[in-house]
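Subject: Structure handover

Hello,

Here is the structure for you to take over. My notes on what was found in it follow below.

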Amino acid sequence: ALGLYLPGSDAMSLRAGELTIEQQATVVHELVHALTDQHHALDRFTPTEDAAFACRALVEGDASVVENRWFRSVVSTNNVAEPPDATDYQPLPEPMESDAVAPYVLGSMFVELLLAQGGWDAVDDAYSHPPASSAELMQPERFLNQDPLVPLAATRTQDTIWAGSFGMSTIFLTLGQQTLTRSSVAATQSV
């Protein structure tokens, strides 16, 4: 990671070195987290595992949309073709990469939809009433129509190995998707 902001910390950490355009984009992304934390107390989210994923996607999507808009404005005003490659980047194995990238991709798509529906006020409202599940990210009409999934009652037995939430995003990633793309997300809409 080039930078990190931890909710409630009032501090941002950045990798030392020259402030490249990629690091500047990271600063923009992390500053969005800091600003959002000041207005919405990001450390207050303590929902189920799947709801936590949905909240993280909202947070990362919000920051990613602003970061991408900032970068596009830099590209258009400074004739920068693209950010330089990170020479020390070591990719994760594909399943882990998809899992790590999912909140950013799904969150960006979700925030762009909110912006199209109601501008930044809609994004702010989403922080007040965050998505309750990854299904609301992958099927945003559920969120927009306030039609959340009804959780199934879990039955614990002596043979229970694991108990927790297993949301749509986890199922999507578990079923063997090698990359997370807009087309693969769209394919889950018919399920």
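A nonpolar core is a set of buried Ala, Val, Leu, Ile, Met, Phe, Trp, Tyr and Cys residues joined through side-chain atoms within 4.5 Å. Buried means under 20% relative accessible area, exposed means over 50%, and partly exposed lies in between (1.4 Å probe, protein chains only).

This is a predicted model: local features need pLDDT of at least 70 and side-chain atom pairs count only at pLDDT 80 or more, while totals for chains, interfaces and linings use all residues. Residues are numbered from 1 along each chain as its sequence is written, and side-chain values use heavy atoms, with hydrogens and water left out.

Overall layout

The chain contains seven helices and two strands; these are DSSP runs numbered from the N terminus, helices being H or I with at least four residues and strands E with at least two. Starting at the N terminus, the order of elements is β-β-α-α-α-α-α-α-α. Of the 191 residues in the chain, 36% are buried. Among contacts with a separation of 6 or more, 72% are between residues 24 or more positions apart; contact means heavy atoms within 4.5 Å. The accessible surface of the chain is about 11,800 Å², and carbon and sulfur atoms hold 55% of that. Accessible areas come from the Shrake-Rupley method with a 1.4 Å probe, and for residues only the protein chains shown count as cover.

The core

The largest nonpolar core has 22 residues, and those touching the most other members are L58, F110, V111, L114, V123, Y127 and L137. At least two residues of this core come from each of α2 (49–78), α3 and α4 (135–138). Helix α3 gives the largest share, ten residues. In general, nonpolar side chains in soluble globular proteins tend to be buried together.

F110 and its partner

F110 counts as buried because its relative accessibility is 1%. Apart from neighbours within four places in sequence, F110 contacts L58, P131, E136, L137, P140 and F143.

The structure holds one aromatic pair. F110 and F143 form this pair, which is edge-to-face, with 5.0 Å between the centres and 75° between the planes. Rings of Phe, Tyr and Trp (its six-membered ring) pair if their centres lie within 6.5 Å; planes under 30 degrees apart count as stacked, over 60 as edge-to-face and the rest as tilted. F110 is in helix α3 (residues 94–128) and F143 is in helix α5 (residues 140–144), so the pair ties together parts that are 33 residues apart in sequence. F143 is also buried, at 15% relative accessibility.

Loops

Most residues other than glycine have a negative phi. D10, which is not a glycine, has a positive phi near 55°. D10 sits in the loop between β1 (3–5) and β2 and is exposed, with a relative accessible area of 70%.

A41 is also not a glycine and has a positive phi, about 45°. The loop between α1 (21–40) and α2 holds A41, which is partly exposed at 33% relative accessible area. T48 is found in the loop between α1 and α2 and is partly exposed, with a relative accessible area of 47%. T48 and S133 are 85 residues apart in sequence, but 8.6 Å apart in space, C-alpha to C-alpha.

Regards
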